[in-house]
Amino acid sequence: MVCLDKSQPGRTVWRMHADERFANPIGVLQGGFVTAFADSAMGASSLTYARERKVFSANAELKVSFLKPARVGSVLTCTAHVISGGKRAAFLEAEVVDDEGRMVLKASSTYLLSPRDL
């Protein structure tokens, strides 16, 4: 995974190559890997949302919908953003699209924000 953009608080964009190491025998990425990609992007977005406050972010719940198969060899892009947030929690959504522009996954999650000591 590589971060392409984190210029806006609460929004990040990431890219990942769909490597065969993450695939099942029919050449489709295992859902857990695509989910982890979205989870990582949403977690990063929650930290950029709270960037002035120096917090830890922990996933409290996660919902994922698989819409299309993610094929080995494709390039996946995940855009994650905060929908709503406060001092202790943030609600986020993420979309993963392939290099043909097909949405392969839609996710939403709640992250708990807790202060960290410096």
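Biologist: Which residue in strand 6 does Val-97 stand opposite?
Modeller: First, a word on the source: this is a predicted model, in which local features need pLDDT of at least 70, side-chain atom pairs count only at pLDDT 80 or more, and totals for chains, interfaces and linings use all residues. Residues are numbered from 1 along each chain as its sequence is written, and side-chain values use heavy atoms, leaving out hydrogens and water. Strands are DSSP runs of E with at least two residues, numbered from the N terminus. Look across from Val-97 into strand 6 and you find Met-103.

Biologist: Over how many bridges do strand 5 and strand 6 pair?
Modeller: Two strands count as paired if DSSP finds at least two bridges between them. Strand 5 (residues 89-97) and strand 6 form a hairpin with five residues between them, and Gly-101 in that turn has a positive phi of about 80°. One of the bridges joins Ala-94 to Ala-107. The pairing is antiparallel, and the bridge count is nine.

Biologist: What is the bridge partner of Glu-61 in strand 6?
Modeller: Strand 3 (residues 55-66) also pairs with strand 6 (residues 103-115), in the antiparallel sense over 11 bridges. Within strand 6, the partner of Glu-61 is Thr-110.

Biologist: Which strands are the edge strands of the sheet?
Modeller: The open sheet has six strands, antiparallel in pairing, in the order 1-2-4-5-6-3. From one strand to the next the twist averages 25°, taken between axes fitted to C-alpha atoms, with angles from 0 to 180 degrees between N-to-C directions. An edge strand pairs on one side only, as do strand 1 (2-5) and strand 3.

Biologist: Is Ser-109 buried or exposed?
Modeller: Ser-109 lies in strand 6. Its side chain meets that of Asn-59 in a polar contact of 3.1 Å, meaning N or O atoms within 3.5 Å, one able to donate a hydrogen and the other to accept it. The side chain of Ser-109 also reaches the backbone oxygen of Glu-61 at 2.4 Å. Buried means under 20% relative accessible area, exposed over 50%, and partly exposed in between (1.4 Å probe, protein chains only); at 0%, Ser-109 is therefore buried.

Biologist: How many disulfides does a search of the whole structure find?
Modeller: A disulfide here is a pair of cysteine sulfur atoms within 2.5 Å. The cysteine sulfur closest to that of Cys-3 belongs to Cys-78, 11 Å away, so the two are too far apart for a bond. Cys-3 is partly exposed at 29%, whereas Cys-78 is buried at 0%. The number of disulfides found is zero.

Definitions and conventions
Helix = DSSP H or I, 4+ residues; strand = E, 2+ residues; numbered from the N terminus.
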